[in-house]
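The following exercises concern a single protein model.

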Amino acid sequence: MKYIVVLGDGMADEPLEALGGQTPLEYADTPNMDLVARDGQCGLLKTVPDGYEPGSDVANLSVLGYDPRTCYTGRGPLEAASMGVPLGSSDYAYRFNLVTLKDGVMEDFNAGHITSEEGAALITSLAVPGAEFHPGVSYRNLMVVHEGEGSETTPPHDIVGQEVAPYLPKGGDAPLLAQCMQAAKVAFADHPVNRARTAAGKLPATTIWPWSGGKRPAIPDFTGRWGLAGGMISAVDLLNGIATYAGMEVVHVPGATGFIDTDYQAKARYALKAIEHLDFLYIHVEAPDEAGHMGSVEEKVKAIEGVDGMLGTVLDHFDGALALLPDHPTPIRIKTHTRDPVPFAVLGHGRDATTKYSEREAAKGAYGLRPSADLLPLLFGRRSA
């Protein structure tokens, strides 16, 4: 038996007046998601443990069956693993965004979705003793602090439109992080990249915003735990970092961007090829989450329909068991994540009376409300891990 998880990051949402009281999942044209729900069984999954912020790091670890309470240290070290950046025992790795601040307000958490090439040019202009800077994909980058102490930080996508002063880093590494932010502000102010972006009517990257730091985690080997060879398809370093620590194969897909312009069908094609030699494949699509952070109903519906098209291509050529779900909701109304349970469907182990894949329909499903630790055992047809 082969197994696939299709995860549309942030797909779940709230009923919206603009959609006639429907959620984006209910409104979107999703024949393939509906088929999975109709021919499978549905329920709601609690992906964020009590006491944790509803980030994609914690939620995806949970969906993969890992308890964040024992193996989560922060988002930074997960992204370091994906980028091939080694961490010493006393190193703290921080994710940092290229952001646009205006008059002390977080105007944009991704600097107008700056390109990877532009971001790399900006980051190479930074030099602060005690910190290393590593360019990543678009606005998503990495900082390593040697002999770090950790710091309390806030994700920049949670404070768009707000004064940033109350959310600046606090704790042991805070002085160095503040120094790095100031150095970026000075280096970026008249940088050729920003001059060109401003001339083109695009937002400049005015500084960096470090967040979610941590030390190297200990994540149990996926194959050792389940007896299955696992793989990951994602354009996001966070997910590929989880896979790297878990000993899963990272499948790189040309045209996968981690944004709403991603190549959904390329992901489907590479997934079908990968599952020929793997037992388990986790297909992660970031686009719905990005649309939610943008507050764009139109783009979120389009992203969900893109995931559905990808799913259809997979289903046409795959006869194993499949699970479908988001990691967390990213409601249009608030433009950030919530901790509400998410709708999930499992195809391949019986069916219930559900006729459509959506938040409200899944709540009626036979699986009921489940902890995230139940998902993979349900998919694998096992009683427990």
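## Exercises with worked solutions

A111 is located in the loop that joins β4 (105-108) to α6. The model is a predicted one, in which local features need pLDDT of at least 70, side-chain atom pairs count only at pLDDT 80 or more, and totals for chains, interfaces and linings use all residues. Residues are numbered from 1 along each chain as its sequence is written, and side-chain values use heavy atoms, with hydrogens and water left out. Helices (H or I, at least four residues) and strands (E, at least two) are DSSP runs numbered from the N terminus.

**Exercise 1. Determine whether the length of helix α7 agrees with its residue count, and locate its buried side.**

Step 1. The expected span is 1.5 Å times one less than the number of residues.
Step 2. For the 16 residues of α7 (residues 174-189) this gives 22 Å, and the end C-alpha atoms are 22 Å apart, in agreement.
Step 3. A174, L176, L177, C180, M181, A184 and F188 are the buried residues of α7.
Step 4. These residues cover an arc of only 165° around the axis, which puts them on the same side of α7; the arc is that of the directions from the helix axis to the C-beta atoms.
Step 5. The exposed residues P175, K185, V186 and A189 lie on the face turned away from that buried side.
Step 6. Elements covering the buried residues include β3 (92-102), α8 (192-199) and β7 (207-214), where contact means heavy atoms within 4.5 Å.

**Exercise 2. Characterise the packing of helix α12 against helix α13.**

Step 1. The axes of α12 (residues 287-294) and α13 (residues 297-316) come within 8 Å and cross at roughly 175°. Axes are lines fitted to C-alpha atoms, for helices over the stretch in contact, and angles run from 0 to 180 degrees between N-to-C directions.
Step 2. The two helices are therefore roughly antiparallel (angles over 145 degrees count as roughly antiparallel, under 35 as roughly parallel, 65 to 115 as roughly perpendicular and the rest as oblique).
Step 3. A287, P288, A291, G292 and M294 of α12 meet E299, K300, A303 and V307 of α13.
Step 4. K300 of α13 is buried, at 0% relative accessibility.
Step 5. Leaving aside neighbours within four places in sequence, the contacts of K300 include D13, P24, P288, A291, G292 and T330.

**Exercise 3. Which residues of helix α10 are buried, and what covers them?**

Step 1. Eight of the nine residues of α10 (residues 237-245) are buried, so α10 is largely enclosed by the rest of the structure.
Step 2. The buried residues are D237, L238, L239, N240, G241, I242, A243 and Y245.
Step 3. Among the covering elements are α3 (56-63), α5 (75-83) and β10 (280-285).
Step 4. G247, with a positive phi near 75°, follows α10.

Methods. Buried < 20%, exposed > 50% of the residue type's maximum accessible area, 1.4 Å probe, protein only.
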